[in-house]
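Me: I'd like to learn how to read a protein model with ligands in it. Can you walk me through it step by step?

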Amino acid sequence: MQRWRGLGAVPGGWGRSVVTIGVFDGVHRGHQEIIRHTVARARELGVASVVVTFDPHPAEVVRPGSHPAVLTEPARKAELIEALGVDVLCVIPFTADFSRLPAETFVHDVLVESLHAAAVVVGENFRFGHRAAGDVALLARLGRSFGFTVEGAPLVSADKPDLAGGGGEPTLFSSTYIRACVDAGDIAAATAALGRPHRLEGVVVRGDQRGRELGFPTANLLPGRYAAVPADGVYAAWLGTRHGAGPLRAAVSIGTNPTFSGRERRVEAYALDFDGDLYGERVCLDFVARLRDTLRFDGIDPLIAQIDDDVARTRALLADPA
Ligand SMILES: Cc1cc2nc3c(=O)[nH]c(=O)nc-3n(C[C@H](O)[C@H](O)[C@H](O)COP(=O)(O)O)c2cc1C
Ligand SMILES: Nc1ncnc2c1ncn2[C@@H]1O[C@H](COP(=O)(O)OP(=O)(O)O)[C@@H](O)[C@H]1O
């Protein structure tokens with residue numbers, strides 16, 4: 001997959017392409033559907049498939065201070081998009097000026113002049129241009145005058161309507177919905193919508209050096225500034241490192257360590273069957289299940305007994321690194 005930053009990176013003599021546009025945070029099952037459709041269409045037409053995305057998140061530029069929680073860091077997003085067979089990922093720096101482009105100008109400059117779109121694939125609820133004034137109907141109208149087709153991919157929702165909480169309405173998979181699932185610690189719902197576990201990435205930093213004394217050294221993960229951190233609680237997760245063998249089973253604690261009257265919120269992972277130094281390493285946690293709420297214990301013995309139980313459950317849940 002080629003990676004372009006900005007429209008200036010489009011090579012001279014670029015042919016036609018099939019394009020899809022979006023923030024694609026999470027690359028969830030709905031996104032996957034749209035991207036697969038884009039790739040399939042491009043292959044049919046014998047042209048390149050291009051995913052256009054934005055950095056930073058448009059919300060932060062349009063309303064500073066409103067950056068939503070990030071489900072996938074840019075490098076991870078690119079990796080997931082590449083795995084879907086896309087030819088080009090074009091990341092447009094989302095500036096205040098760019099945000100003010102009227103919908104028509106956006107279509108002309110990006111889709112027609114730069115990418116020579118033969119077809120544009122979008123979800124039914126796609127909005128674009130200044131104040132999100134453009135919709136699929138406008139895009140289709142512009143397509144007729146500029147010479148590209150517009151294909152709306154159907155939106156994907158939960159198979160079981162009752163996942164929505166009994167309301168009867170099927171839950172539409174969206175980044176906003178998945179952020180809410182993660183924020184509530186609903187790992188099962190997040191996994192269903194993403195089509196894979198939610199991943200948190202970060203660097204291992206020093207904590208209070210207490211873990212070792214408890215018999216459970218924990219890698220304290222410092223997530224990215226806007227990362228979507230699951231609700232306080234204890235989780236079973238796969239811990240991935242850059243070096244070393246495959247992913248490690250981990251019992252993860254997220255919270256302020258109330259037993260020790262801690263104040264800082266921390267993400268700590270005890271890796272099972274592991275003894276090594278992780279300080280300064282970039283690691284990731286793929287959350288598989290929520291085990292329980294964070295509790296305040298009277299002393300360390302009941303805490304240790306509880307962590308023993310968490311570790312046993314983690315071992316049972318995470319059968320075999322595939
Ligand atoms: C699986 C697991 C579950 C934990 N559950 C709790 C808990 O319920 N309450 C709590 O106060 N601390 C809990 N802890 C956090 C410990 O208090 C923490 O690991 C210890 O304070 C070490 O901190 P340090 O890494 O900063 O040295 C848990 C830790 C692990 C690994
Ligand atoms: N099984 C393990 N799981 C997690 N970290 C481990 C493990 N074994 C050794 N370590 C190392 O020990 C460190 C954690 O020790 P700990 O006493 O909890 O200190 P800290 O308070 O700095 O987290 C980790 O950052 C890692 O480098």
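Me: What should I know before starting?

Reply: This is a predicted model, where local features need pLDDT of at least 70, side-chain atom pairs count only at pLDDT 80 or more, and totals for chains, interfaces and linings use all residues. Residues are numbered from 1 along each chain as its sequence is written, chains are lettered from A and ligands numbered from 1 in written order, and side-chain values use heavy atoms, with hydrogens and water left out.

Me: What is the mean pLDDT of the protein?

Reply: pLDDT is the predictor's confidence in each residue, from 0 to 100. Where it is low, the predicted coordinates should not be read in detail. Here the mean is 93, and 96% of the residues reach 70 or more. The model also scores ipTM 0.91 and pTM 0.93.

Me: Which residues come nearest to ligand 1?

Reply: A residue is near a molecule if one of its heavy atoms lies within 4 Å of it. Ligand 1 has 25 residues around it, and Arg210, Thr218, Thr259, Glu268 and Leu295 come nearest. By class, that shell has ten nonpolar, nine polar and six charged residues. In this scheme Ala, Val, Leu, Ile, Met, Phe, Trp, Tyr, Cys and Pro are nonpolar, Asp, Glu, Lys and Arg are charged, and the others, Gly among them, are polar.

Me: Which protein atoms lie 3.2 Å from an oxygen atom of ligand 1?

Reply: Look for polar contacts, which are pairs of N or O atoms within 3.5 Å. One is a backbone N or O atom of Pro258, and another is an N or O atom in the side chain of Arg266. A backbone N or O atom of Arg210 is 2.6 Å from a ligand 1 oxygen.

Me: How much of ligand 1 does the protein bury?

Reply: Accessible area comes from the Shrake-Rupley method with a 1.4 Å probe. Ligand 1 alone exposes 620 Å², and the protein buries 99% of that.

Me: Which elements give two or more residues to the shell around ligand 1?

Reply: Helices (H or I, at least four residues) and strands (E, at least two) are DSSP runs, numbered from the N terminus. For ligand 1 they are helix H9 (211–214), strand E10 (248–255), strand E11 (266–271) and helix H10 (300–317).

Me: And which residues are the closest to ligand 2?

Reply: Among the 21 residues that surround ligand 2, the closest are Gly207, Gln209, Arg212, Leu278 and Tyr279. An N or O atom in the side chain of Tyr279 is 2.7 Å from a ligand 2 oxygen, while a backbone N or O atom of Gly276 lies 3.1 Å from a ligand 2 nitrogen. The protein covers 99% of the 550 Å² that ligand 2 has on its own. E11 gives the most to this shell, with three residues.

Me: Where is Gln209 found, and what is its phi?

Reply: Most residues other than glycine have a negative phi, and most peptide bonds are trans. Gln209 has a positive phi, near 60 degrees, and is found in the loop between strand E7 (198–205) and H9. A cis peptide bond joins Asp55 and Pro56, with omega about 0 degrees.

Conventions. A polar contact is a pair of N or O atoms within 3.5 Å; within protein, one must be able to donate a hydrogen and the other to accept it, and residues adjacent in sequence count only if both atoms are side-chain atoms.
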